[in-house]
Amino acid sequence: KWLTKNKTLQKLDLQRNAVTQFRAEGVKYLTDALLTHPNIQIIDLSFMELTRCGASLAELIEQSKSLQSLGVHAAKLNYGDFKAICRAAIKSENLTMLDIGMNYLGGDKSIEEIANMIKSNSVLREINLDNIGLNMENYQILFNAFQENDKINKVYISYNSDMKIKVMVN
C-alpha cells in the first residue's frame with residue numbers, strides 16, 4: 001500500500017536484501033504497485049533470487065513512463081526471464097540503464113537476445129554485461145550490434161573469462 005500512495009518515490013533499492021528468495025508473487029506485487037507510479041526512476045533488485053520473475057519485470061519495463069534504470073545484477077535469472085527483459089527493453093521509451101551482469105546463461109541464444117535489444121533500442125545509454133558468457137565464438141554478435149547503435153555510451157563487460165582483450169581492439 002505504501003508504494004501506491006507514495007508518489008514522490010524516485011529510487012527503490014532492494015539489492016542484497018535479507019530475503020534472498022524474492023518469490024515471483026512478491027515481484028509481481030511490487031511491479032504492479034509501480035506500473036503507474038509517476039516518479040519511480042531507479043529500481044535495483046541486484047543480488048536477489050529473481051528466477052521466474054522476468055514477465056513481471058518486463059511488464060514494468062514496458063509500461064512504466066518513468067523507469068530509467070533497472071538493476072538485476074546477479075539475480076539468478078533464467079533464460080526465459082532474460083529473454084522477457086531484453087524484449088521489453090526494446091519497447092521501452094525511458095530505460096536508459098540496464099544492469100543484467102552476472103547472470104551467466106551461456107550460449108549464443110542469450111547473446112543474440114542482447115544483441116537484438118542493443119540494435120533495436122534507441123534510448124539505452126548504459127548496459128552492464130559483466131559475466132554473461134561472452135567468449136571467442138559469440139563476441140562478434142554483440143560487437144556487431146554495438147556498431148548499429150551509437151547511443152550507448154557506457155558498456156561494462158568484465159569477467160567474461162573466455163574473451164581476450166585483443167578482441168576489443170580488432
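**Salt bridges in a predicted model**

Biologist: Is Asp32 buried, partly exposed or exposed?
Modeller: Asp32 is partly exposed, at 36% relative accessible area. Bear in mind that this is a predicted model.

Biologist: What does Lys28 form with Asp32?
Modeller: A salt bridge, with 3.0 Å between the closest N and O atoms. Lys28 is partly exposed too, with a relative accessible area of 32%.

Biologist: Where do Lys28 and Asp32 lie?
Modeller: Both are in helix 2, residues 24-34. They sit four residues apart, about one turn of the helix.

Biologist: Which residues are linked in a network with them?
Modeller: Glu59 joins Lys28 and Asp32 in a network of salt bridges.

Biologist: Changing topic. How many salt bridges are there?
Modeller: The count comes to five. One of them pairs Arg87 with Glu113, with the closest N and O atoms 2.8 Å apart. That pair links distant parts of the chain, 26 residues apart: Arg87 is in helix 4 and Glu113 in helix 5, residues 108-120.

Biologist: And Glu113, buried or exposed?
Modeller: Glu113 counts as buried because its relative accessible area is 9%, and the cut-off for buried is under 20%. Arg87 is partly exposed at 43%.

Biologist: What about Glu49, which residue does it form a salt bridge with?
Modeller: Lys76, with the closest N and O atoms 4.0 Å apart. Here again the pair links distant parts of the chain, 27 residues apart. Glu49 is in the loop between strand 2 and helix 3, and Lys76 in the loop between strand 3 and helix 4.

Biologist: How accessible is Lys76?
Modeller: Lys76 is exposed, at 54% relative accessibility, while Glu49 is partly exposed at 25%.

How values were computed
Residues are numbered from 1 along each chain as its sequence is written. This is a predicted model: local features need pLDDT of at least 70, side-chain atom pairs count only at pLDDT 80 or more; totals for chains, interfaces and linings use all residues. Side-chain values use heavy atoms; hydrogens and water are left out. A salt bridge is a side-chain nitrogen of Lys or Arg within 4 Å of a carboxyl oxygen of Asp or Glu. Helices (H or I, at least four residues) and strands (E, at least two) are DSSP runs, numbered from the N terminus. Buried means under 20% relative accessible area, exposed over 50%, partly exposed in between (1.4 Å probe, protein chains only).
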